[in-house]
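Please read the following note alongside the sequence and the model. It takes the aromatic rings in turn and then the sheet with its helices.

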Amino acid sequence: MNNNLKFIKGLTPTNLSVNTNAQKNASNVLDTTDLPTTRTEAWKYTRVAKIGKIDFTNEATTVTSIKGKKVIDSPYTLVFVNGRFSEELSAKSFPEGVTVTPLSTLEGIKTQEEFEGDIFGALNLAYLNDGLHITITKNKVVDEPIQVIHLLKGDAQLSNFKVQIDAEDFSKATVVQGFFSEDSNNSFVNYTSDIQVGVNTYFTMEKIQDEEAGNFHIGTDTVTQDKDSTFTINTITLNGTLVRNNLNIAVNGENCTTNLNGGYLLKEKQHVDNHTVVDHKVPNCNSNELYKGVMNENSTAVFNGKVFVRQDAQKINAFQSNRNVLLSDNATVNSKPELEIYADDVKCSHGSTTGQLDDEAVYYLRARGLSKSAAAQLLVSAFIAEVIAEVENEDVKSYIYKRLNERFGWDINPEDFG
């Protein structure tokens with residue numbers, strides 16, 4: 001075993017029905033690849049060495065209730081504890097045209113076979129605990145969101161979890177994912193997803209990350225879009241010691257729309273890293289990317305967004321923005337928006353701004369009777385509300401605002417910001 005990966009010595013390799021070649025390739029990557037360091041360009045500002053020093057285990061833990069660990073009240077809720085499916089806490093039926101299957105019950109799980117040095121992707125497959133396969137059949141419109149709850153329970157738990165979604169042609173659906181923890185410390189969610197968005201399909205992913213401080217989260221979403229489709233993902237990070245979000249989107253069909261929105265609200269020593277790639281391979285598509293962060297105390301944030309426009313991908317509109325507010329002299333941001341364009345008939349822009357609250361705006365509000373803290377809260381709320389407004393489901397929005405009040409003491413009226 002790779003000396004850099006001794007932290008998995010107490011784990012049992014997956015017994016799920018995973019492609020043999022994929023398993024061999026994953027094991028080879030683990031044997032030959034070290035954990036990334038700050039000398040690794042893609043991990044330059046995110047240190048994961050601490051993960052390698054924890055002796056992880058994975059226990060089948062019984063949970064009798066997820067009260068307070070849900071984003072919304074959906075009749076189509078599925079629950080996983082430490083990466084394992086909880087049949088007792090999960091919905092038993094779904095609408096006609098929607099198939100939901102735990103990976104542990106499938107014979108022959110389709111997975112990627114090449115990992116190209118992706119050590120966390122290889123770790124996910126080699127030690128896969130469980131996951132979910134969701135199919136939205138052709139022409140199906142799902143009125144209620146499907147909710148997937150991931151709960152960490154206990155200390156030093158490693159949850160390798162995978163979600164596979166096939167949204168077939170002309171379908172429409174929303175999946176809400178909530179990541180939570182309970183009485184957990186030094187635990188690690190290593191999550192991957194594979195999402196296929198069919199022809200003329202409208203698919204939305206709402207992702208809420210709200211794990212306790214002291215835990216780690218690395219997630220990789222891989223998305224493929226067919227022609228005339230719309231894919232939207234909103235990622236709101238509220239808690240967790242170290243969170244890394246990798247988002248890779250291949251736009252394979254013409255007339256697609258791709259929306260990526262992210263909000264991160266950090267304090268103490270929290271660290272959040274968002275890495276995104278949108279690959280425009282064909283003409284006549286639009287992508288919009290908006291990530292905004294608020295950092296306080298000793299927190300840090302990283303944003304690295306890259307947009308490719310291939311040579312034959314003419315008439316692309318691609319816009320990318322990362323904006324940050326620092327509420328403390330000790331908070332830091334590392335931002336790197338990128339465009340790599342090989343076509344000449346395109347409209348593309350990117351930008352990044354980082355600063356503190358506008359002193360004049362604070363003064364203006366204080367002159368009208370607000371305290372300094374109330375003025376700051378109002379400005380920060382208005383700043384982050386632009387991202388939250390992109391969340392389509394009103395119940396998800398309500399959860400976000402409730403947690404902002406509980407975590408930061410922000411008393412926000414959502415109606416004031418849309």
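How many aromatic pairs does the structure hold?

1. The structure holds 10 aromatic pairs; rings of Phe, Tyr and Trp (its six-membered ring) pair if their centres lie within 6.5 Å, and planes under 30 degrees apart count as stacked, over 60 as edge-to-face and the rest as tilted. This is a predicted model, in which local features need pLDDT of at least 70, side-chain atom pairs count only at pLDDT 80 or more, and totals for chains, interfaces and linings use all residues. Residues are numbered from 1 along each chain as its sequence is written, and side-chain values use heavy atoms, with hydrogens and water left out.

2. One of these pairs is formed by F120 and F188, edge-to-face at 6.1 Å centre to centre with 90° between the planes. F120 belongs to helix α2 (residues 119-126) and F188 to strand β8 (residues 188-197), so the pair ties together parts that are 68 residues apart in sequence. Helices (H or I, at least four residues) and strands (E, at least two) are DSSP runs, numbered from the N terminus. Both F120 and F188 are buried, that is, under 20% relative accessible area (1.4 Å probe, protein chains only). W43, F56, F120 and F188 form one aromatic cluster.

3. The ring centres of F180 and Y399 are 6.2 Å apart and their planes stand at 90°, so this pair is edge-to-face. The pair links distant parts of the chain, with F180 in strand β7 (residues 172-182) and Y399 in helix α5 (residues 394-408), 219 residues apart. F180 is buried, with a relative accessible area of 2%, and Y399 counts as buried at 5% relative accessibility.

4. Charges also meet rings. The charged end of K292 sits over the ring of F383, 4.0 Å from its centre (NZ of Lys or CZ of Arg is within 6 Å of the ring centre and within 35 degrees of the ring normal). The charged end of R310 sits over the ring of F308, 4.6 Å from its centre.

5. An open sheet of 10 strands, with mixed pairing, has the order β2-β1-β5-β7-β9-β11-β13-β15-β17-β19; two strands pair if DSSP finds at least two bridges between them. The edge strands β2 (84-85) and β19 (346-355) each pair on one side only. Strand β17 (residues 316-326) runs parallel to β19, joined to it by 10 bridges.

6. Helix α4 (residues 372-388) packs on the sheet, touching β11 (230-239), β13 (257-266), β15 (285-295) and β17; contact means heavy atoms within 4.5 Å.

Conventions. Buried means under 20% relative accessible area, exposed over 50%, partly exposed in between (1.4 Å probe, protein chains only). Axes are lines fitted to C-alpha atoms, for helices over the stretch in contact, and angles run from 0 to 180 degrees between N-to-C directions.
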